[in-house]
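Let's take a walk through a protein together. Keep the 3D view open and turn it as you read.

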Amino acid sequence: MNATFKSMVPVCEGDPCIRNGSGAGATVRFRQESRRRKSDFARKCIAVILLHAIFLFAILAALIIGHWISEENQKLNNRTMLEKKRNFTILDVFPPLADGGFGIAEQLHAVRSNKLSTDALLVPLPLYILPYHYDLQLDFSQFDTNLFIRANISIHLESYGNSTEDEIQFHLGPNIKIERMRLKKDGKKFYAKTFKREESKKLGRISLRDPLQKGKYILEMAYNMTICDEDVDGVRCSLDNQTNSSLKSTSFTTKLEPTLARAFFPCWDEPGVKATFNISVKHNKKYTVLSNMSPIEQPNKVDWDDQFKTTVFQPTPPMSTYLLAFAIGEFVKLETRTERGIPVTVWTYPEDVMSMKFTLEYAPVIFDRLEDALEIPYPLPKVDLIAARNFHVGGMENWGLIVFEFASIAYTPPITDHVNETVDRMYNEFRIGKLIAHEAAHQWFGNLVTMRDWSELFLNEGFATFYVYEMMSSERPVTAQFEYYDSLAALVSAQSEEDHRLSLVRELATESQVELSFHPTNLYTKGCVLIRMLRDLVSDFDFKAAVRRYLRKNAYRSVSRDDLFSSLSAYADHGADKEKLNYVLEGWFVNEGLPEVTLIRNYDNEMMTISQRKTVHHEYRSFLKDRKPAAGVRYRASRSAEDGSTLFDDTLFEGYTERRKDKRRKHRPARRKASTPPPISPIMRRDELRKPRRVGASQDLWTIPITYMFGSLKTSEGQVIREFWLKNRTVSFGDAEISPNQAVLVNPEWKYPYRVNYDLLNWKLLARTLHQNHLEINDKSRMQLILDAEYFLSNSVNPHLYLYLLGYLAHETKMEVMLFGIDAVYRFIDVFKATQLNKAILVYFEPVISQMDHLLNESQVDAETASLWLVRPERLAKLYQMRCAAGLHSCKNEYYTQKWSRSPDEWTEDVHKQVTAVCHQLFTNTPEEVKTVQELLDSRLSSSGAKWALTVQLAACSHNQKLLRKTARAIVSTKNAAVYASALQSDFSLHYNPTFRKYLWSEISKMSTFEKTALFSTNSTNILPASRILLHSVKTIDELQQIRGLLTNWGPLLTLHFEYLERYLLWVSSVSQGVLHQFFAADLSNF
């Protein structure tokens, strides 16, 4: 990463809301001074978060790309081996996603790209011999001086019958050095011929003189290993400042998920292989050692060693190897208990005690709630939570020893009850509570019951994420509900793009594929959404009973989704007919992406056609319409019987019915006592693993629960709801109760995760309903309409219909819906900001932006509503930009410009308002009118860090050509693609400054051919993220032509990107001069 960005935001500025994580190295130094957090106002909290967000993309991109030239050099050799040549088409061009928007999982599991040299194939180990117990004796006495551990292990094995097999295979990491090895059967030595390592699969192989016999074996090994190696990321060390410079580490924690247990001890490193563990650790007395179970007290033991001691832990229940955990350091403990008396202990460092208060109070509450909800006691004798340093993910659910990254759970609440401080407290407690709830839920979903294979990881993560929202809704219902739908929107958006849609259950062939599967949207959110869908299909009462049955039946076992199906109701309840639940869910689990449903009405004969297909976003980009269909891409079913759609048929249309409320009584659980693990024989475990691994083939057909609604709350008939199953690609039917002037709404309350498209007239009727009385449509449906209208209409030949729909937001009163509206309106303005229609669009949206401003002011008097802004604080930045672009009084550009000019280095709570106003003032005034500000910016271009980054963003808003040239030179001199991309996507302005862009591209043109080739990754079939963002930040054909001239050979894929962008920009120009121009000239009262 470029040095310019290493200290972009000072730590002291981020401290009230975001504590900086550790660096990228394996060992990090920490200061000994107090790390207590200071309380602050919500406005300052939001401002600081936004100031981080100002350069968020640049920092993230820099982390991904770093210096793009070195990245290019590093990958050149690998590309020739790994990339297969193929013919690209424009279908292979995908613009960058408009917004990130991660949900709960953004800090749970960081994805680390494995190096090609260390990646390994996932080959299932043979099942003729399996472990049922490990005795592990560890020596941590040299971890702090040499980053070195010695160990002895005895693996108790069961051979399941006399066979011809004469080999034992197990997983073995490259950092483990075997010193001695011995195999015994019935207490006698069993002779081996050879031992060899298979590095490509990270396996150890023992060849035997004789075939294995039925019975029990013990494999004993003495070994040593190095820890805290960046190439082997299972152990994370940290180092406090010490006078003794010989120390290399003063603490470490382990994270062995997903496939890193093999880097800590020889084992059968597969999630479905469970065994018990006896653990003992030799260590320096000054350190505390923690593991999954409690230490065994030895009160009468005579201690002859003044320096070292051995801690022996209680035996574990059967568990997977990735859940084994250790932590060592000079910790202090804070202890409390659950209602059932289970000790809950938070371990941290002495200087961090005060920041752990909320975690200590909240953790037992969550465990009590989960025990009540699941009616299954937490099965271990203790819960340890450790706030670790240099832990590279937010949390890890090790059974009995949950490890958190310090900043993820550290928070010191304000000391007053001022509303702004209350917002800060509420959201930070919500943020920490989510993380604690997620890892606590894993103690049941993942630890007690574990997925058999990584391909069905959603059985762990989907349930854990689902129960986060269940637990948090009891005290923060508004925030929890909105964050769920915000995450659902991110999921639908990501899975609608052809290069981002992934199935929930899919084959994972390598370690890196498993690591990459821990995706915040495609795993956590999708898993949660489908679990919620499952609940809705069987009723809340039956779902809770099924979950309890699933956990009790499979406790201490490994499972597949078939085991989940067997615990659920046999049939899904939706409409008049029931469908087999496993049949319904299978497509949702294994199909790539999500479905889209299209409703086409015949307004002459009351017929309707509903069809389904996999989302293909390119189909709704009208500028790509002249292309030919590609193989494997299905297009929308015909819209009329004459064109081939299916007419009404009882076998296709499964009937509909009025919605019925579930009147079953609410079940009130009784808390139970913990029970000991049931005996599970090795043969039963072997039989579990022998069950076939079923991934399933992805298709483009789902069994979809269709619900549609029509009517008005103002009439005597009210709103009518129909429900039925869509199992085929298309179904046609009639509904005589729907009049031609009534809108039909599909998927009311956004209950199920599919997109909905309509014929143009029904879109118009829905938009008109929103304008006339938006409360006729549920707030969740309004969110989905905004999201789907953008997807289906914004790039179509009818963008004016989408524009008209967004206009209703001038009357929107629900904050949650308006936050969706902010994203949509901002993106629409951004698309057309370089056209002549920009002013007309801003005038049209002026009442919408004024209403956004009004709701922002209203939210300041209610702490929970105000905390919604913190779900994605960049929305506040977007609102600041829009109100300045629209010329609203609330921009206060002259006032804030003067305020910032007096104290440009004072980062107060309204700093983002200030700099947005400064940018607007610079852009809307002549250089002579803002001469003082320009001179100030010119003098600050020689600064560094956050001051420099802020300066170049503001200078890019100016019209002073001398300042713009100097700014462009400064940006390009960084040789960092992330800086270039950030400069072109201003965080303070919706204005388009063609002069600055011209100078920036001109400076880039002066770079060498090699540098430009590396910058745009023209020789690659995998374009770097910043390269794609750079290219797609272009707003006009003239600018595109300037970029095209930078190189003579853009390569096959980049050439297609140019074709895509040329088509897109011509479409923008065409619709702005055509349908949009006509829209603004028309009488909208008759629209």
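## A walk through the fold

Start at a hairpin: strands S7 and S8 are joined by a turn with four residues between them, and there Lys202 takes a positive phi near 55 degrees. Keep in mind as you look that this is a predicted model. To see one place where they face each other, find Arg197, which stands opposite Gly204 in S8. Strands in a sheet pair through backbone hydrogen bonds, and they can do so in parallel or antiparallel fashion.

Now zoom out. The protein has 35 helices and 32 strands. Of its 1087 residues, 61% are buried. Its accessible surface is about 42,600 Å², and carbon and sulfur atoms hold 50% of that. Take the contacts between residues with a separation of 6 or more: 77% of them involve residues 24 or more positions apart.

With that in mind, head for the inside. Which residues touch the most other members of the largest nonpolar core? They are Phe140, Phe265, Tyr467 and Phe845, in a core of 322 residues. Helix H20 (residues 815-832) gives this core its largest share, 12 residues. Pick Phe140 and look around it: leaving out neighbours within four places in sequence, its contacts include Phe252, Phe264, Val281, Phe326 and Ile328.

Next, a second hairpin. Strands S26 (residues 595-602) and S27 pair in the antiparallel sense over eight bridges, with Thr598 standing opposite Ser611 in S27. Here too there are four residues between the strands, and Glu606 takes a positive phi near 65 degrees. S27 also pairs with strand S30 (residues 730-734), again in the antiparallel sense, over five bridges. In that pairing, Met607 has Gly734 of S30 as its bridge partner. Is S27 (residues 607-614) enclosed or open to the outside? Seven of its eight residues are buried, so the strand is largely enclosed by the rest of the structure.

S28 (residues 704-711) is joined to S29 by eight bridges, and Pro705 stands opposite Trp725 in S29.

Time for some rings. The protein has 56 aromatic pairs. One of them is Phe724 with Phe733, arranged edge-to-face, 5.4 Å centre to centre and with 75 degrees between the planes. Phe724 is buried, at a relative accessible area of 0%, and Phe733 is buried with a value of 0% too. Elsewhere, ring pairs link up into a cluster whose members include Phe623, Tyr802, Phe828, Phe845, Trp1067 and Phe1080. You've met Phe845 already, among the residues that touch the most other members of the largest nonpolar core.

Let's look at a helix next. H25 (residues 911-924) has 14 residues and reaches 20 Å from its first C-alpha to its last, close to the 20 Å expected. Why call it largely enclosed by the rest of the structure? Because 12 of its 14 residues are buried. Among them are Val911, His912, Gln914, Cys919 and Phe923. As a rule, an α-helix has 3.6 residues a turn, so residues three or four places apart point the same way.

Thr348 lies in strand S18 (residues 343-348) and is buried, with a relative accessible area of 0%. Beyond its neighbours within four places in sequence, Thr348 is in contact with Glu330, Phe331, Val332, Val353, Met356 and Ala387.

Then there's the backbone. A cis peptide bond joins Glu257 and Pro258, with omega about 5 degrees, and Pro258 sits in the loop between strands S11 (251-254) and S12 (274-284). Tyr556 has a positive phi, near 65 degrees, though it's a residue other than glycine. Look for Tyr556 in the loop between helix H13 (540-553) and strand S23 (557-559); at 5% relative accessibility it counts as buried. Asn747 has a positive phi too, near 60 degrees. Asn747 is in the loop between S31 and strand S32 (755-758), and at 1% relative accessibility it counts as buried.

How values were computed:
Residues numbered from 1 in each chain as written. Predicted model: local features only at pLDDT ≥ 70, side-chain atom pairs only at ≥ 80, totals over all residues. Heavy atoms only, no water. Core = buried A, V, L, I, M, F, W, Y, C linked by side-chain atoms within 4.5 Å. Buried < 20%, exposed > 50% of the residue type's maximum accessible area, 1.4 Å probe, protein only. Helix = DSSP H or I, 4+ residues; strand = E, 2+ residues; numbered from the N terminus. Contact = heavy atoms within 4.5 Å. Pairing = 2+ DSSP bridges. Expected span 1.5 Å × (residues − 1). Areas by Shrake-Rupley, 256 points an atom, 1.4 Å probe, with all protein chains shown as cover. Phe/Tyr/Trp six-rings, centres within 6.5 Å; stacked < 30°, edge-to-face > 60°.
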